[in-house]
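Hi everyone, thanks for coming.

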Amino acid sequence: MLKAVILIGGPQKGTRFRPLSFEVPKPLFPVAGVPMLQHHIEACSKVPNLKEILLIGFYQPNEALSRFLVTAQQEFKVAIRYLQEYSALGTGGGIYHFRDQILSGGPQAFFVMNADVCSEFPLLQMLEFRKQHENTHSYIMLGTTANRTQSLNYGCIVANAETQEVLHYVEKPSTFVSDIINCGIYLFSPTIFQHIAEVFQRNQQDVQLLYFLSEENSSWQRAEVIRLEQDVFTALAGRGHLYVYKTDGFWSQIKSAGSAIYASRLYLSQYHTTHPERLAQTKEGGPTILGNFIQHKLYNFFSSSQLGPNVSVGMGVTVGAGVRVRESIILHGATLQDHSCVLNTIVGWDSSIGRWARVEGTPSDPNPNDPYAKIDSETLFREGKLTPSITILGCNVSIPAEVVILNSIVLPHKELSRSFKNQIIL
């Protein structure tokens, strides 16, 4: 019997995802037409004998999350539960805190995945790879190749070329260590908790030295904050337990809203084999579809509009005559009026773009000439100026006719009166 754990984080994270994360928890943001988390759950549901998926995070249970869990359980026929941390406990602290729930029923192994990654999720291949390493105390991490410069932004893995045993692991090194990076997807046997317990006990001893400076509760809390990457993998490397399974399939982090558009493109390409029914085609009397495009069935459009590639349109969206949309996510209830142009943009829920208006951003795609390039995790500002990136309109934003909004972030409930370029509009 197998289980899966998805680490969904909580509200204090995802700041690079604002203002979209104001409206919906980041893991529920739609990527390629479905909530980000649904891609993980669907991959888990295809693993034979996987009985339960546990979501661990510190979001307050809310209506959107509850509704999503009920729908996903019905659709994928797998038990899904949300376990709420009392505070941010780190990637290892959360699974250690809820170890009894993870181990109940006696699973032989369990997957752990970060919610903010987009991947082909080669879970079956990871299971097969684990069988080749008969040792029941072996732990598998998914790795992929990055270019030398970008590898410094990730956990770097040095492995034995023949056995794939991890010999050395460094999280975000200051100098080049390896071009094999950690994908944030793991397959553990229950004995991993012995190693996490060692870290917890060390943390407790450190905390006891400072005990007289602090309250008992906060001391306990500090001991429970455990990072899988720095605290566990670094210590496990070279001890004959940790192995890397390298994937050639697509993988990307989803840290910023710009990376959501890139992830959407990767998933839409995959839909040709996994979900061809989700991709729309040009039909007589309908809009012209260029490349991969996904639409909710309930939306209104004019036949003279041109949509795609890499566009997803939510429920209740109205697209006027002569509209052009490319490389964008249009969220439910939005209105794109006649002859408006939307490029490299996320249009928030119930927002409106006026006639002949142009809303455009700058994509932050990886270098297409470098097969190992990953999407750069840009900071919001560089040298005091807003870094050019995709344009984001929060919910209920109104853009007037005939204006240009370029490389800007517009917070929710704004009614603009003129053009803007390279600005955060509060």
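This is a predicted model: local features need pLDDT of at least 70, side-chain atom pairs count only at pLDDT 80 or more; totals for chains, interfaces and linings use all residues.

Let's start with helix H2, residues 63-76.

Now, which residues of H2 are buried? They are Leu65, Phe68, Leu69, Ala72 and Phe76. Looking down the axis of H2, you'd find these buried residues within an arc of 100°, so they line one face of the helix. Over on the other side, Glu63 and Gln74 are exposed. And what covers the buried residues? The cover includes helix H1 (36-45) along with strands S3 (34-35), S4 (50-57) and S5 (79-84).

A quick look at the two ends of H2. At the start, asparagine 62 has a side-chain oxygen that comes within 3.2 Å of the backbone nitrogen of alanine 64. After the helix comes lysine 77, with a positive phi, near 55°.

In soluble globular proteins, nonpolar side chains tend to be buried together. Here, the largest nonpolar core has 74 residues, and Phe29, Ile53, Phe111 and Leu123 have the most contacts inside it. The biggest contribution to this core is from helix H9 (residues 257-274), with nine residues.

If you zoom in on leucine 123, leaving aside residues up to four places away in sequence, you'll see it touching Ala43, Cys44, Val47, Phe111, Met113 and Ile185. Apart from this core lies another one, of 34 residues, including Ile180, Phe200, Ile226 and Leu236.

Note on methods
Residues are numbered from 1 along each chain as its sequence is written. Side-chain values use heavy atoms; hydrogens and water are left out. Buried means under 20% relative accessible area, exposed over 50%, partly exposed in between (1.4 Å probe, protein chains only). Helices (H or I, at least four residues) and strands (E, at least two) are DSSP runs, numbered from the N terminus. The arc is that of the directions from the helix axis to the C-beta atoms. Contact means heavy atoms within 4.5 Å. A polar contact is a pair of N or O atoms within 3.5 Å; within protein, one must be able to donate a hydrogen and the other to accept it, and residues adjacent in sequence count only if both atoms are side-chain atoms. A nonpolar core is a set of buried Ala, Val, Leu, Ile, Met, Phe, Trp, Tyr and Cys residues joined through side-chain atoms within 4.5 Å.
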